[in-house]
Amino acid sequence: MYRTIFLLLSVIIMAQSCNKKKDQVMKDDHQYTNELINETSPYLLQHAHNPVNWHAWNDETLELAKKENKLLLISVGYAACHWCHVMEHESFEDPAVAAIMNENFINVKVDREERPDVDQVYMDAVQLLTGRGGWPLNCVALPDGRPIWGGTYFPKDKWTNALTQLADLYKNEPEKAEEYAVKLTEGIQQTGLITLNEDEAIFNEAELKLAIDNWLPTMDMKNGGRTGAPKFPMPGNLKFLLRYAVQSGDQEIMDYINTSLTKIAYGGIFDHVGGGFARYSVDDHWHVPHFEKMLYDNAQMVSLYSNAFLVTKDPLYKEVVYRTIDFVEAELYKDIGAFYSSLDADSYNEEGELEEGAFYAWNKEELSLILGDDFELFAKYYNINGYGKWEDNKYHLIRSVSTETFCKENDIVKSDLEEKLKKWQFTLSKERNKRDSPRLDDKTLTSWNALMLKGYVDAYRVFNEDRFLEVALKNGHFIQNKMVKEDGGLYRNFKNGQSNIEAYLEDYATVIDAFISLYEITLEESWLQGAKQLADYSFDHFYDDTSKMFFFTSNKERGLISRKIETDDNVIPSSNSIMANNLFKLGHYFGNKHYAENAKIMLNNVKQTAVSYGSGASNWLNLYSNYLGDYYEVAIVGPEADQRLKEINKVYFPNKLIVGSFKESSLPLLEYKYNENETTIYVCIDGACKLPVKETGKALKQMVSSF
């Protein structure tokens, strides 16, 4: 009893100390205020009380640099970035460092999530200079924006030394600075340059198999994911490989997929208390994550695990989907139908200091106190031992065996263990919520919302859970009502009722994809027409007639030294690969040869790179797969079209699109097919249909999923 009282008193004292320190930090922060106080980005607002005279990236700031003939110091980060916070604390909160920056530079803070266009350009510069990149991203440029120097995180002494030397260089040897800028700008403009491939577009299974063979040496067959550390889940890669494994019958790849998905779900990268995924693990077995939780990761993981369940029927995958959605709705969902961006890696620890992972880690003593008699069993299940130990007597929960194996080894009935798991999760969640929560980045980004919308659609398609469809529709209407401009284009951001940034190709591509997906589960043609309108807008404002690709920025944007064409699939697939997949589908839906031909040209432009480096082109390889074997247009018309659709969706067919209606439709694939007295299914290939059938089973027999 005395031990319990002592622990409770310790917690109270620590909490009081924590609050005093946080109050002091807040008081110190408000000694200064700069122009970022007028911004809406939580990341920029975090720096609004730095002694550095920060400006936002805009025309006025760029004009100021030219007027005062000062170098631009461009510092890029995001709200959930741990090392961004470290550099802020060490350098940007230091008045002496700020004095050097303010005297010699026009200082620009950029939220990379709001302005990925700025981030792309200066990331290219830093990678050319140093061979690597990351955040915080710091770049010094001439007043016209052409970079001369850059890097990522700098300790304070190295930062001040570099800035002093750069200021002296520009003052005393401006011709050298100009020379650096010319060479670096030329390099940036050549980076990722895409030329039109005028060779005939030929796609075959042997070439796709070569892409897999080239990829195989980097696959970790023991732990899943890419070999080595750190480990990123890369949901786009696993989504394509799942499709490849099913269509090719490749058991080795299927085993790799299941190993990856199982190990990720067991790992500490998945939050076993509150659900949801962190960005990546710093080790090679998914244990200790970089603790920030991003909407775009969780969105794509919902899609991935939903599709994997459809193939395998593994209950673990269903559990992951439901618990991830529960996390999103608890932490990142706004009742107007919008999703927030992220939760920070850092939170206040017992000493009142920001610490990475403080919200998530446990020590053995507190777990024993909280769980009582259940602690021993809990410790075995979640490895409160050498395997699960992180650092400084802290443990981060990780599983190592299946529930079935654990029950057998510990002589416990599965249903009893499942009840205990729910109880443990509830108890620890309640206890954890007494801690200071990670900071929330509560801005809404169009593309990330579209990815989450797609996640909900995929979850509904697979699990037929009405609440998933309700949220998907609410978010779809939010995008329509709040993110679409009067001219038919999109905004990038939404915060406090404001949208003030032009959207990028990433936003258009992901929203088109999400709207097509919404159409395929609701058969409401307005979603499909909305997707087409955004595609046409993209051709008008983003299209490059020379390469037949799309620029990342619209032709309305000014101030950047280069318009980039993004083609590399990363954690989020590239905007051009998503757009090419969209155009492939829209070409089928509307019988539009221009869309269809452009999709093929885009794929042909990157084909060689995709085959050589599949892990950086998985969404392109998804499109590649569409040209192998038959691609089906499944038309469902009649009063019970929704029921037939649900039955078709019970089977994994990646080589199909859905088109349907409860009434007459002028869509090319639906013309002359409607009969108000019966529901009919047509399986078509390039508009040529097989004999119509009324039973879903017969329609499925007319299709094959293999190449």
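Reply: E319, D416, E418 and E419 form a negative surface patch. Patches take residues with over 30% relative accessible area and no salt bridge, and like charges are joined within 9 Å. Helix α17 (residues 414-432) gives the most to the negative patch, with 3 residues, and E419 is placed in α17. The model is predicted, so local features need pLDDT of at least 70 and side-chain atom pairs pLDDT 80 or more, while totals for chains, interfaces and linings use all residues. Residues are numbered from 1 along each chain as its sequence is written, and side-chain values use heavy atoms, without hydrogens or water.

Me: How many salt bridges does a search of the whole structure find?

Reply: Side chains of opposite charge can pair when their charged atoms come close. A salt bridge here is a side-chain nitrogen of Lys or Arg within 4 Å of a carboxyl oxygen of Asp or Glu. The whole structure has 41. One of them joins R432 and D271 (2.9 Å, N to O). R432 lies in α17 and D271 in the loop between α11 (251-266) and β6 (280-281), so the pair ties together parts 161 residues apart in sequence.

Me: Is R432 buried or exposed?

Reply: Buried means under 20% relative accessible area, exposed over 50%, and partly exposed in between (1.4 Å probe, protein chains only). R432 is buried at 5%, and D271 is buried at 7%. In the salt bridge of K485 with D487 (3.7 Å, N to O), K485 is buried at 11%, whereas D487 is partly exposed at 40%.

Technical notes
Patch = residues over 30% accessible without salt bridge, like charges linked within 9 Å, V, L, I, M, F, W, Y side chains within 5 Å. Areas by Shrake-Rupley, 256 points an atom, 1.4 Å probe, with all protein chains shown as cover. Lys, Arg positive; Asp, Glu negative; His and termini not counted. Charge placed at Lys NZ, Arg CZ, Asp CG, Glu CD. Helix = DSSP H or I, 4+ residues; strand = E, 2+ residues; numbered from the N terminus.
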